[in-house]
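I'm jotting down what I looked up, one entry at a time.

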Protein chains: 2
Amino acid sequence: MTSEEIQRLDRKHVWHPCTQEKDLESMPPIPISHADGVYLYDSDGRSYIDGVSSWWVNIFGHNHPRLNRALIDQAGKVSHHIFAGFTHEPGVELARRLAELTPGDLCKVFFTDNGSSAVEAALKMSFQYWQQVGKPQKTRFVSITEAYHGETIGCLSVSGCDLYREIYRPMLLEEYQVQGPDCYRCPYGLTREGCNAECFEKMETLVAREHENIAGIIIEPLIQGAAGMRIYSAEYLKKLRALCDRYQVHYIADEIAVGFGRTGRLFANEHAGVAPDIMCLSKGITGGYMPLAVVLTHQAIYDAFYDDYQTMKAFLHSHSYSGNPLACALAVEVLKIFEEEKILDQLPPKMNLLDAGAERFEQLDTVGEFRRCGMVAAVELVQDKKSKTPFPWQQRRGLEVFKKALQKGALLRPLGNVVYFMPPLTIDEQALQDLLDAAYDSIVEVTQT
Amino acid sequence: MTSEEIQRLDRKHVWHPCTQEKDLESMPPIPISHADGVYLYDSDGRSYIDGVSSWWVNIFGHNHPRLNRALIDQAGKVSHHIFAGFTHEPGVELARRLAELTPGDLCKVFFTDNGSSAVEAALKMSFQYWQQVGKPQKTRFVSITEAYHGETIGCLSVSGCDLYREIYRPMLLEEYQVQGPDCYRCPYGLTREGCNAECFEKMETLVAREHENIAGIIIEPLIQGAAGMRIYSAEYLKKLRALCDRYQVHYIADEIAVGFGRTGRLFANEHAGVAPDIMCLSKGITGGYMPLAVVLTHQAIYDAFYDDYQTMKAFLHSHSYSGNPLACALAVEVLKIFEEEKILDQLPPKMNLLDAGAERFEQLDTVGEFRRCGMVAAVELVQDKKSKTPFPWQQRRGLEVFKKALQKGALLRPLGNVVYFMPPLTIDEQALQDLLDAAYDSIVEVTQT
C-alpha cells in the first residue's frame, strides 16, 4: 500500500489509543514501514529517532537480531498453549531469572498480558490475601496524586491523573489518595537531591489513621511517568517500605515503566535498597516486541492461597494468553542480553550526556526544569520561570514541540508541557545528541517566538 | 532442560492462572516442548489432542506454516511501534477487513491486548458516549447470570460467575444482573430449538424500568462459555437488539470466545441477523499465537468523541502495545486463511460428527445433556439424570475426566461438571473422533463406577 492508501484506510477504520481523532485531520498518522535500531522509517523513507521507546517499551532498539532469532526459534516450537495444567521451558526460565534478579525475596511469578492487567491482578491478589488471613476489613488501596497505573477500572481507581479518569469517576472505586512528591514545585522548599522525603508525612498520617482498612499502597517507584516524568527521591521508597512493615500493608511496586534498566539499575527499587511485596512488570520485558506482563510476589502471599481446592482459596485470575511462550522466549533473551552485553555498564556516558544537555536547556527562560533519573530525562516547559507557572494546557506547547521535532527526524511524544527523553538503552551517543538537539531546537522554536 | 528440571523450576517460581497450586502436588504441570496441528507434545514425547484449543484461542492448529511465515515476515520489518500518531499497514488492513466482515455497520476498530482490556474499553466507551451526548445518567450496565467477561475489576463487575468474583465483591461496581437463558434446566419447560426466548422477559422488565440509568447490556452471544458452554437461542439476541433500539441502550457483544468461526459462522451475531453497537473480539483473532483484542463500533459512537481537543471528549484509553504489528500481521493472515481456504465450508461434516457422538453420550445415565453450537459441544455430567441434579462440585468429576483423558492423549480441561469440545476448526475427522472417544471412555470410567 502507498502512504496515502494506508492513511486513507486508517482514517476510515482505525480508532487510535489516547488520541483525539480530530487532531489527525491536521496531523495524519504516519505510516511506519520498518524499523532498525533506534530508528523508525515511514513509508516515504523518512527516519525518526524513537526518543520515547515507542511508549517506553523498546529497550534494545528495533529489529534486534537476537530478539528476532528468539522469536523465530520459539515460533518453530510452539507459539502458544494453555498455561493452566501445562508449562514450558521459556516460562519457567523467565520466572527463575526474574526471581533471581528482582529485589528481596520475590520468588513467585504470575503472568498476565499487559500492565493494566498486571495491576488488576496485583490489587486482587493483595485484597484476597487479607481476606484469607483473617483481616477481611483490609479492602482499600492507597495511591498518590498524579499516579498512573493503567486504564482499566481497577487501575483508574488507584490512579491520580484526572486527564485519564475524571470522566469515569462514577464508575470508579473509592480509594485513598494522598499528596505525593512534587519536587519541582516542592511545598517544603527542598530539593530532591537533598531532602529527606519530608512530603512522606502525608502518607504516614493517612496510613496511621486508616491502616486497618488498607490492603496495599501502589506506587510508581522513583518516576511518575504519565504525571510528566516526575522524579523523586529514593528516600520516599525507604520510608514507604518501613511504613508498610509497621502497619501490615502491602507495598505494591508498579515498575511497569521504570523496570528493565530505565533508572540505570535493572529495577528502580534497587536505588532504595528495598523490596516490594508485590511487583508489576511489563513494557520493556519483551524488549518492546509484544505484550507481556508479570506480577511477582513472595512466599508469604503465595502461601495464603495454597490449600486444598475445596477451601476455595485459589487465585482464579487468568487470561487466555497467560504465559505466552513467544513473549516468554523474548523476555528470557532480554535478560540474557542485559547480562551478556553488560547493558547497564554502558549507560553512564549516556547519562552524562543527558546531564550535559541539562545546562543548555535550563538556560532557556521557558524551561522550568531539566530532570533526569537514569536514562529518563524530562524538560518541563513553563510560561514563567520564576513563578513556575505552566503554559495553559489549551496551548498544547508540548504537542507543538513534538510536531517540530518530527520534522527534524525525532519522535518526542510529550506529556502536556513536559517533553521527555526515554530512548532505547542501547542508543549511541551520537543519536542521543541528535535527539537532544532536535528537542532543544524545537523548544526554542515553539516557546521563544 | 529435562522434564523434571522444568517441573522443579515451575513449582518453585511459577504461579499458574486459574489454578489451585496445591493441586499440582498430585498433578504436576506438563511441560510442552512443541506442537503441530491439533497436537501438543510434552518433553517426554507424549502427544495430546488440543481439545479446548488452548483456552479457546487456537483455530487453525499449532505451528501453522502460513501463520509462522506472517509472524517472521513482520518481525523482519518492525515488531512494534507506538500506535498514537503513527500507523502501519497490517493494522489498517486488519481494521479494513474486520469492518467488512463483522455484522452491520461496525466500522471503527480500537485495539487492546486481551479480552479483559477490550471489555473494559467497551464499558468505558459506552459510559463516556452517554456522558457526551447529554444523557449522563446512563451510567450502569446489565449482564446476565453466569456471564463471564474477563478478570479485571470492570469485567468482574459485569460477570455472573461467582466462582471468579464472589471473594472480590467489595471491590466490584454495582451493576444490574438479570436471569439469563438456562436451556438445559429451562424454567419455562421449553427447548432451545423450539422456544421464542420466553426467558427474555426478565431482561425486558428490567430495561423497561431502568433504561434511563442503563448505558449498555453486555452479553456472550449464543454460548456462555465459562458458565459451562450454555448454549441458547439466537432469538434471544434478536429480542435484545430490538430492546436496545427501543430504549436507547448499547448492545455490547462479547464475541471474544465465540467469534472467528466457533459457532459455524464467522461471528455469532450472524445467526441472529443482528449487529451490536460495540463488539469485543480476541482469542482466535491471532489464530491462537499471541495476545490481541479489538473493540469495534459504529460511526455514531465514534462521532460522539470526535471534536476539538480542548472539548476533552477524546477516548484516552491506551495500552503500550496497542495495535502491535506482529499481532496485526497474524490477524490479517487469519482472515486470509478463512477466506482462501474456505474454513467455514469445511465445518458441516465435523459438526455432523459431533452430533453423531451426541447419541452415544446421552445414553449414559450420568450425561444430562450433550449440546452443540457450531464447532463447540459440551457434555453436562449429572448425578441424577431425571432431576438433573449435578454432581457435588467438591467431587470435581470434570477434573477426573480431564485426568483420565490426558492419559488417553486428549486435553479436555473441564468447567465444573461440564466436559466440552472446542478443538481447532481445522481438526480432521479422525482426530475429532479420537477426541470424542477419549472423552466418552473417560466419562464412563469416572462416572459409571
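Before anything else, I need a rule for touching: two residues are in contact if their C-beta atoms, placed from the backbone, lie within 7 Å. I also note that this is a predicted model.

**Entry 1: one tyrosine.** I picked Tyr236(A), which I found in helix H9 (residues 234–247) of chain A. What does Tyr236(A) touch, not counting residues up to four places away in sequence? I got Pro181(A), Ala197(A) and Phe200(A). Is Tyr236(A) buried or exposed? Tyr236(A) counts as buried because it has 25 C-beta neighbours inside 10 Å, and the cut-off for buried is 20 or more. I also checked Gln310(A): from Tyr236(A) it is 74 residues away in sequence, and 42 Å away in space, C-alpha to C-alpha.

**Entry 2: the domains.** I looked up how chain A is divided, and got domain 1 (31–59 + 344–447) and domain 2 (69–340). Their C-alpha centres lie 27 Å apart in chain A. The contact between them takes 25 residues from domain 1 of chain A and 22 residues from domain 2 of chain A. On the domain 1 side, I listed helix H2 (53–56) and strands E15 (367–373), E16 (376–384) and E19 (418–421) of chain A, each supplying at least two residues. E15(A) gives the most to that side, with four residues. I sorted the residues of that side of domain 1 of chain A too: 15 are nonpolar, six polar and four charged.

**Entry 3: the two chains.** I asked what superposes chain B on chain A. A rotation of 180 degrees does, with 0.0 Å of shift along its axis (RMSD 0.0 Å). That is the relation of a two-fold axis. The same surface serves both copies, as 100% of the contact residues of chain B recur in chain A.

Definitions and conventions. Residues are numbered from 1 along each chain as its sequence is written. Chains are lettered from A and ligands numbered from 1 in the order in which they are written. This is a predicted model: local features need pLDDT of at least 70, side-chain atom pairs count only at pLDDT 80 or more; totals for chains, interfaces and linings use all residues. Copies are superposed by least squares on the C-alpha atoms of residues with pLDDT of at least 70 in both. Domain bounds come from an automatic or database domain assignment. Ala, Val, Leu, Ile, Met, Phe, Trp, Tyr, Cys and Pro count as nonpolar, Asp, Glu, Lys and Arg as charged, and the others, Gly among them, as polar. A residue is buried if 20 or more other C-beta atoms lie within 10 Å of its own, exposed if 12 or fewer, and partly exposed in between; C-beta atoms are placed from the backbone.
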